Amino acid sequence: MTDTFSPDSSNPDAPGPPAWAELADGQSVTAQVIRRLHRAGAGGGWWYEFRLPIWAEVQLPDRITAEPDSVIFRVPARLVTPIEDIDYSAVPTRRERPPARPPRSSTAAPAGRWSVQHLPAPVGGTVRRIIDHESCWLPTGDLGLTLDQALGELARPGTEEYTACEARQLSRS
């Protein structure tokens, strides 16, 4: 297959090869592979980043129309199926280093408000809680905790920082 995808491209809009990605509800979609990366740490492993073309509603002064857009998402490698006869050798591959944890007294953790998200546990399972910062793109609860209270919650068994927001900078030391 001839492919215009360049592994040296820093342009996230550069074309990439298609692959099957399983979605959270069990559906599979064909999406464009942007890169593969190895995430360090617990829950890491190999992941694929995809672009999925979608329609976006656009409000013009005189009408509403649809224009092409895309959604970028990541999928664990175990949920990705290559398409037969597609060459994936040019897909950029990156290994992330484990994040350095600042000492507990570090000022690296941002100021602001914090929340605790209580996750459902299976019967007999361990309770899990996630600490979120107000900067989180996915609000999870009442932002009523101070930084010190968030650090106290983080010290409790079964509690972890949410790695997709500023809570990833909290320390467990």
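Colleague: Where is the place of Ala40?

Modeller: Ala40 sits in the loop between β2 and β3. Bear in mind that this is a predicted model.

Colleague: How far apart are the C-alpha atoms of Ala40 and Arg95?

Modeller: They are separated by 7.7 Å. Along the chain, Ala40 and Arg95 are 55 residues apart.

Colleague: Now the core. Which residues touch the most other members of the largest nonpolar core?

Modeller: Ala19, Val33, Phe50, Phe73, Val75, Val80 and Tyr88. The core has 14 residues.

Colleague: Which strands each supply at least two residues of this core?

Modeller: β1 (18-22), β2 (28-39), β3 (45-59) and β4 (64-76).

Colleague: Take Ala19. What is it in contact with, leaving aside neighbours within four places in sequence?

Modeller: Val29, Thr30, Ala31 and Val33 are among the contacts of Ala19. Phe50, Val80, Thr81, Ile83 and Tyr88 are also in contact with Ala19.

Colleague: Which residues does the second, separate core include?

Modeller: That second core has seven residues. Trp114, Val116, Ile131 and Leu151 are among them.

Colleague: Pockets next. What is the volume of the second largest pocket?

Modeller: About 190 Å³ for the second largest pocket.

Colleague: Which residues line the second largest pocket?

Modeller: Glu22, Leu23, Ala24, Trp47, Phe73, Arg74, Val75, Pro76 and Leu79.

Colleague: How does the lining of the second largest pocket split by class?

Modeller: Seven nonpolar, two charged, no polar.

Colleague: On to the backbone. What is the phi of Asp85?

Modeller: Positive, at about 70 degrees. Asp85 is not a glycine.

Colleague: Where does Asp85 lie, and is Asp85 buried or exposed?

Modeller: Asp85 is in the loop between β5 (80-82) and β6 (93-95). Its relative accessibility is 68%, so Asp85 counts as exposed.

Colleague: And Gly16, where does that lie?

Modeller: Gly16 is in the segment before β1. Gly16 counts as buried, because its relative accessibility is 17% and the cut-off for buried is under 20%.

Colleague: How far apart in space are Gly16 and Ala31, C-alpha to C-alpha?

Modeller: 9.2 Å. In sequence, Gly16 and Ala31 are 15 residues apart.

Colleague: Last stop, Thr159. Which strand is Thr159 found in?

Modeller: Thr159 is in β9, residues 159-161. Thr159 is buried, with a relative accessible area of 3%.

Colleague: What lies 3.3 Å from a polar atom of the Thr159 side chain?

Modeller: The backbone oxygen of Glu153.

Colleague: How far in space is Val127 from Thr159?

Modeller: Val127 and Thr159 are 8.4 Å apart, C-alpha to C-alpha. They are 32 residues apart in sequence.

Colleague: What is Val127 in contact with, leaving aside neighbours within four places in sequence?

Modeller: Ala121 and Gly158.

Methods: Residues numbered from 1 in each chain as written. Predicted model: local features only at pLDDT ≥ 70, side-chain atom pairs only at ≥ 80, totals over all residues. Heavy atoms only, no water. Core = buried A, V, L, I, M, F, W, Y, C linked by side-chain atoms within 4.5 Å. Buried < 20%, exposed > 50% of the residue type's maximum accessible area, 1.4 Å probe, protein only. Helix = DSSP H or I, 4+ residues; strand = E, 2+ residues; numbered from the N terminus. Contact = heavy atoms within 4.5 Å. 1 Å grid on protein atoms, 1.4 Å probe; cavity = no way out; pocket = protein on both sides within 12 Å on 5 of 7 lines; lining within 4 Å. Points joined across faces, edges and corners; volume = space filled by probe spheres on them. Nonpolar A, V, L, I, M, F, W, Y, C, P; charged D, E, K, R; others polar. Polar contact = N/O pair within 3.5 Å; in protein donor to acceptor, adjacent residues only side chain to side chain.
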